[in-house]
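Q: Could you take me through how to read a few local features of a protein model, one at a time?

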Amino acid sequence: MNYPFWDVPVVGGAWIIGLIAIFHIPISHFAIGGGLFLPMAEHLALKEGRRDWLPILRRHSKFFLVLTSVFGAVSGVGIWFAIALVQPEATSTLIHNFVFGWAIEWCFFIIELSAAAVYYYTWDRIPDKLHLAVGWLYAVSSICTLVIINGILSFMLTPSDAWLSVAGTGNEASMFWPAFFNQTYWPSLVLRILVCIALAGIWALVTLSRMNPDFAGNARDKMIQYSAKWVIPMFVLMPVAMAWYFMSVPSASRELMQLGMTTIGSGMFTQVTRIGLITLMTTATIALVVYFFAYRTPREFTFAHAASCLALAVVATAATEYAREAIRKPYVIGGHMYSNGLRRNEIAKFNEKGYLAQSMWASTQEMKRVDMRAGILMFRGQCGACHTTNGYRSMVKLIAARDMKAIESLLRELQKSKPTGTYHKYMPPLVGTREEISSLALYLKSLSDEGSARTEAKELLGSQ
Amino acid sequence: MAKVYDYLNDRLALDEIKLFASKKTVPLHRHTFWYYWGGISLFCFMVQLITGVLLLVYYRPGPEAYESVRQITYNIHFGWLIRSAHNWSANLFLLAVFVHMFSVFFMKAYRAPREFGWWSGLALLGLGMIFGFSGYLLPMDELSYFATKVGLEIPNAVPVIGPVVANILRGGLEVGEHTVQRFFALHTVILPFLFLPLLMFHLWMVQKHGISTPPAEEAKPKAERKTMPFFPNFLAKDLAMWLITLNVIALLASLFPWQLGPAADPLKPAPAGIHPEWYFMSQFQTLKVVGNLIPGYLGEMVGMGLFTLGLVLWAAVPFYDTDSKNGKRARNATYFGLFALSVIVITTIWGYAAVM
């Protein structure tokens, strides 16, 4: 508890990251896939003398430039702010481990953004070959950003045994390469590249569908078919990459997927399966709509079709990213740091010496006695990363009508049960001294009482 | 592929069907979007049929009803998904039918010669609502038990025959296992037996008279009116709508799977804020309001009288809005439609606000 706690009522901090990510990811992946689409289409147009494609590509590149360099870049920085506020410990670990990786990524970002601007503003102003070279420069630099960030993202699920062996020693950066090229690096990279390519096709369909068929004529139809070819094969390849990724994740994460087939009883566990179903359904729909409408009958392809495909692609991307986050539970960095920022190797210390004793935000008095203030600090530090008091994963609902004794025994279960216990499959172990746990129970009871009082008031009002 | 087609064509006359379908046209104008809602309703109904049959494999009416739904939800592979898809598609079905009905009303598609299409559609909506009501009790959990108890107050309020009908539905004075048995028979045998032929009739009416054009479009010279072929254009778009609907059902079922509460216990007090499903909320709230204004039996009579009058006026609209042009009567019918829509929306929101 080295950092202040960012209390986001009702939705919780995690959803702030999630909401920005849902907006950012379809754009950032388009920034990479679209970067490949533009020079490839331009190359084809020049090679086969389809010069009527060029004005269309120019229009698409304007949309591309505005969307990726304004909305994509701003929301990307937004994610940075959000993760630093919601998960400061984990962000600190990532920075300490991957600072040079990130520095290199930012170099590529600068090249990428510059190249995108030059590419758009030099249409018809520089020789074709040079213009195309700028496009390729953009494509390569944008892929390089993915190559780097993918190492950091996949590290969070599977940080590698080599890195875990030095975790907490201060020498973590010495294991940069094993941590970077971890067991899920390659399947994750391939999967993301396929997503980028599919999104490039879908976004191109959005631009093309807004062009008047009578005005753009045959070129529009041909380009719609060309864009469809970027989408359809991906939906054949993606399940293969997904299966590869699935086989690479730790077995505990795979079990989450199987559990949800049978039941919805175990709460968030089964979300992974449910989210998996959404991905399956939405991607299959996109493939069908793109094949039957864009590829088979390009003249009939409308903006409504393109917008539906895009909406479904956003849902599919958001669902997959959510599942990726969910299978990491109870960790934020697999096997090392729990989702509430506690390090696995510090659990015994916290239980022995107290959790609040390590906090910069608790006074010595609060650490030693059972009181509400200490309970609030315990809640914020250990529960607040995933739970809110009365909104998303509401504690009022989860505690329900339990009395003080029942709450305390539940908390002891969360503290003492074996790491293989049901709760620990998705929740970090609770830590703290006896007094600290009692303080937390006191605070949770007060939340539960507030909830009951509200319900009673409603009943009273309802009966009047 | 061509050989297979030829083989089937020789025996089933596929070319004739294709020719017939390609001659059929659908009016193309700024309200064409509303034409898809009938198809969406049909698709939701088909999803219910399929998922309903799958649920039948494991569901056991009577005293084991709750336990069997518990097994479906928590033990059987993807049982929760089938149950959730069934429930969500039922809700979407009714929503789509409501949208379809109001779009038909405002586009004046009930006018001659389409009166029977209008009436059969209304009857299908009525049956759909009874489908929803009878299905809601089947899990026999706390919520469905008490909501059914409250819901049976509506037929109970019908003067003279109401209590008798409510007793027949309940199978006694209280909601219990006999009620589940009766509702099950109603839900899986009687209602489909009535619904399916009526649906066929409704579709035949649409086929017979074609899709109607709103008066504003009809007023245009024939040369200015646009159409699209039913096959393949409209059908392809309709199928795309079905796909979108399937996605919506899958999204809702996956993100908000239908939960199962504790088993119904008649000795327990009803949980706070118990209310009927959203499609009965308007009637429920209206009865409550009228009951508060005019207490006692008279209030019930007035409440039910208002309903009956509203329904009769709604169903009889083809009789008093007969002009082919948008005259005074047509405007009055539109105002009546807007009034009915406002009443339903306001009383539904009011009903929810009162129980929240």
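A: Let us begin with how elements are named: helices and strands are DSSP runs, numbered from the N terminus, with helices having at least four residues and strands at least two. Please keep in mind that this is a predicted model.

Q: Which residues does a cis peptide bond join in chain B, and which in chain A?

A: In chain B the cis bond joins B:Ala112 and B:Pro113, with omega about 10 degrees, and B:Pro113 lies in the loop between α5 and α6 (115-137) of that chain. In chain A a cis bond joins A:Lys329 and A:Pro330, with omega about 5 degrees, and A:Pro330 is found in the loop between α12 (303-326) and β1 (331-333).

Q: How should I read the crossing of helices α4 and α5 of chain B?

A: Angles of 65 to 115 degrees count as roughly perpendicular. The axes of α4 (residues 65-74) and α5 (residues 79-106) of chain B come within 5 Å and cross at roughly 110 degrees, and α4(B) and α5(B) are therefore roughly perpendicular to each other. In this contact B:Val69, B:Ile72 and B:Thr73 of α4(B) meet B:Gly79, B:Trp80 and B:Arg83 of α5(B), a set that divides into three nonpolar, two polar and one charged residue.

Q: Which residues form the nonpolar patch on the surface, and which helix gives the largest share?

A: The patch is formed by B:Val160, B:Ile161, B:Val165, B:Tyr297, B:Leu298, B:Met301, B:Val302 and B:Leu306, which together have about 750 Å² of accessible area. Its largest share, five residues, comes from helix α14 (residues 297-315) of chain B, the helix in which B:Tyr297 has its place.

Key. Residues numbered from 1 in each chain as written. Chains lettered and ligands numbered in written order. Predicted model: local features only at pLDDT ≥ 70, side-chain atom pairs only at ≥ 80, totals over all residues. Heavy atoms only, no water. Axes fitted to C-alpha atoms, helices over the stretch in contact; angles between N-to-C directions. Parallel < 35°, antiparallel > 145°, perpendicular 65-115°, else oblique. Contact = heavy atoms within 4.5 Å. Nonpolar A, V, L, I, M, F, W, Y, C, P; charged D, E, K, R; others polar. Patch = residues over 30% accessible without salt bridge, like charges linked within 9 Å, V, L, I, M, F, W, Y side chains within 5 Å. Areas by Shrake-Rupley, 256 points an atom, 1.4 Å probe, with all protein chains shown as cover. Salt bridge = Lys/Arg side-chain N within 4 Å of Asp/Glu carboxyl O.
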